[in-house]
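Here are my notes on this one, point by point. Have a look at the model first, then read on.

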Protein chains: 4
Amino acid sequence: MKKNKPKYMQIIDAAVVVIAENGYHQAQVSKIAKQAGVADGTIYLYFKNKEDILISLFQEKMGTFVEKIQQKIAGKESAVEKLLMMVKLHFQLLSEDHHLAIVTQLELRQSNKDLRLKINDVLKNYLQVVDQILLEGKEKGEFSPELDIRLARQMIFGTMDETITSWVMNEQRYDLPSLAPSVHQLLISGCGYKS
Amino acid sequence: MKKNKPKYMQIIDAAVVVIAENGYHQAQVSKIAKQAGVADGTIYLYFKNKEDILISLFQEKMGTFVEKIQQKIAGKESAVEKLLMMVKLHFQLLSEDHHLAIVTQLELRQSNKDLRLKINDVLKNYLQVVDQILLEGKEKGEFSPELDIRLARQMIFGTMDETITSWVMNEQRYDLPSLAPSVHQLLISGCGYKS
Amino acid sequence: MKKNKPKYMQIIDAAVVVIAENGYHQAQVSKIAKQAGVADGTIYLYFKNKEDILISLFQEKMGTFVEKIQQKIAGKESAVEKLLMMVKLHFQLLSEDHHLAIVTQLELRQSNKDLRLKINDVLKNYLQVVDQILLEGKEKGEFSPELDIRLARQMIFGTMDETITSWVMNEQRYDLPSLAPSVHQLLISGCGYKS
Amino acid sequence: MKKNKPKYMQIIDAAVVVIAENGYHQAQVSKIAKQAGVADGTIYLYFKNKEDILISLFQEKMGTFVEKIQQKIAGKESAVEKLLMMVKLHFQLLSEDHHLAIVTQLELRQSNKDLRLKINDVLKNYLQVVDQILLEGKEKGEFSPELDIRLARQMIFGTMDETITSWVMNEQRYDLPSLAPSVHQLLISGCGYKS
DNA sequence: CATGAATGAGTCTTCATTCAT
DNA sequence: CATGAATGAAGACTCATTCAT
């Protein structure tokens, strides 16, 4: 298992730092190696090529992300509560790792279409978590019975994404997690929840 | 005025075609020149550099975009109706120009941070249109008095953006404009409108 | 036509010099460009890639080679005389261009199998010239009627090649063309000619 | 003595297989180590560097080669018979070891000039065997008294080499040893033998 | 003796931009 | 105004060799 090798995560963490501080197009392999404290060639003992570093970065970081969210919302009774927990956690996790926020919201989007398609694959797990919540909300009568799951999901992702990106582009000058309740309110109202 | 020179728009239109068909990173200046039917050097008589082509592209196309939307919503009485018209028109205009849809939703996002910041400047006009609608909605009592304008705007842009991007990534296989009413419903509900 | 562009031949001639003086593996594109007096990028206006330079080099130089030989032997009456002229000319042409001799006999053989296969294609014309002479010799009764054309051709090429390579590896310290009559005598005797 | 260590030959044999099956430029030290069933570092306990493997390979294989030929021709009375035996044996030995044929005729020629010079040193023993035969042939009156030993030797090596290389490049599709008598006939005729 | 993880030097190619005509 | 030939900087990846265990 790759993850057990210490240098694997060491290189991924270095990549996050380098990309966040230099930008996607200025994140040369040699710079990542230097930041990780290894030789250039060592990178290629753990990753097939540069793209593989970026995909792995996304998988590792987003994997953790989705796992944490799934754990936390498991205990919540209602879809509305689950959604609140999800938005809170999502905002909080990115808020706690400014480098990661920059990388996922701004830099990694400059990658080419191939890489973006692979990134989308990684996101499918997250997508299913949201769909699950929406379905539960409809079944329990919290949300409108006419709610279109796909469109609602796109609203949720789109809104969170836009909110976070704005925050990052404003150089994270205000507190993101404290926006979670308001954003949550917008989303559940959109889903037809009567508060 | 640049716009009066026929080759100016000729080059911009060529850029849209070339980027849509080849992708952002395969859209070399020489390819755009060839598509436009001019010499490589001629490009630099009308544009400062390659970035300038892309910014101008966005300005011209989005300028038209916002103008058309402003004209159309001027006649509408309520904020709810204006928002519906806006979503409809936005979806319709991109639906009618598949190349432009690909370029704005997928390809231009691969540009670097600097260019994206300049693109955001261009979007500020659109942003003000939305803010205007939201303000009117609050004043007229259509929307919740507690509505946070900035967050609501981010929801609107984020939701429309995510919806359109999904449609483009699905290779425009379904009819986008027909989704407008449902998306509109999500948005106004989110804004606190009681239907 | 490529050949009309002066820089095309300029680059090929530079490649011969650089390869002869530095060896195949030390003949970087930048070195060839410098020798040719052009920028690195200019190379790629005339050649697809580095391999293309080498193939073109062989085609141009060997093309001239075979043409000159064909012209000269056209006037000869007998196969024996034609063969003599061919050996003489072959030795003389390489003797006059020491750089080319090094490149074709030593350096270009270090190329990979793909390139060597393409080089062999170029040599097929030469091969046909030899086969023609051998056929004529058999028909006119100069050579043995049992002569195996393919083996005889391999003897002729193999012997000339080995002779020239030895001369090159001995740093061209003796006069090669003066060996032509003796080599010719070996070859026609091998073909069954009774002198 | 190196040869007594079992891993020494094990590595050389592995090198022959790896080079024959992957080509000279794809024969990495790690691949040879894997094929030999040892660790990369172990190679360097038996060989100074990669070049040393190749030279040793040539020495071991060609040493055997020349020894076998010397044994076999010792019993022959005439130079003509000795030459026939030599050609036969040379063709037969390579015909029996397809991997070795590929390595010596095609792959090892891609090595750089230095290595090729060292390979030539190894060949000097073989060269002396041929010179011996030619001298004997001249003394016994089998061959022409005017025969130039050096050129004749180059004819013999050149012709055999070209014949074998053609056979290898034609993927060994025909029977090489059966060509020996015809090739022998060409060579002794070239040397002035009257049959 | 044997291992194998780690090292780090070296090069082809692209393409935005210029400028002489 | 228009041309298009020429420029030249910049970076991912391989693999022979070492050395701590």
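This is a predicted model: local features need pLDDT of at least 70, side-chain atom pairs count only at pLDDT 80 or more; totals for chains, interfaces and linings use all residues.

1. The elements giving two or more residues to the surface near DNA strand E are α3 (40–46) of chain A, α3 (40–46) of chain C and α3 (40–46) of chain D. (Helices are DSSP runs of H or I, at least four residues, numbered from the N terminus.)

2. The largest share of that surface, five residues, comes from α3(D). In total, 29 residues surround DNA strand E, and the closest are Thr42(A), Tyr46(A), Gln28(C), Thr42(D) and Tyr46(D); "near" here is a heavy atom within 4 Å. By class there are twelve nonpolar, ten polar and seven charged residues, where Ala, Val, Leu, Ile, Met, Phe, Trp, Tyr, Cys and Pro count as nonpolar, Asp, Glu, Lys and Arg as charged, and the others, Gly among them, as polar.

3. On the copies: chain D goes onto chain C with a rotation of 179° and 0.2 Å of shift along its axis, RMSD 0.2 Å (least squares on C-alpha atoms of residues with pLDDT of at least 70 in both). The two are thus related as by a two-fold rotation axis. Also, 100% of the interface residues of chain D are interface residues in chain C, so the copies meet through the same surface.

4. For chain B on chain A, the turn is 179° and the shift 0.1 Å along the axis, with an RMSD of 0.2 Å. Again, 100% of the interface residues of chain B are interface residues in chain A, so these copies meet through the same surface.

5. Within chain B, helix α5 (residues 79–96) packs on helix α7 (residues 113–139) at about 155°, axes 8 Å apart (axes are lines fitted to C-alpha atoms over the stretch in contact, angles run from 0 to 180 degrees between N-to-C directions). That makes α5(B) and α7(B) roughly antiparallel, the label for angles over 145 degrees.

6. Bookkeeping: residues are numbered from 1 along each chain as its sequence is written, and chains are lettered from A and ligands numbered from 1 in the order written. Local features need pLDDT of at least 70, side-chain atom pairs count only at pLDDT 80 or more, totals for chains, interfaces and linings use all residues, and side-chain values use heavy atoms, with hydrogens and water left out.

How values were computed
Contact means heavy atoms within 4.5 Å. Angles under 35 degrees count as roughly parallel, over 145 as roughly antiparallel, 65 to 115 as roughly perpendicular and the rest as oblique.
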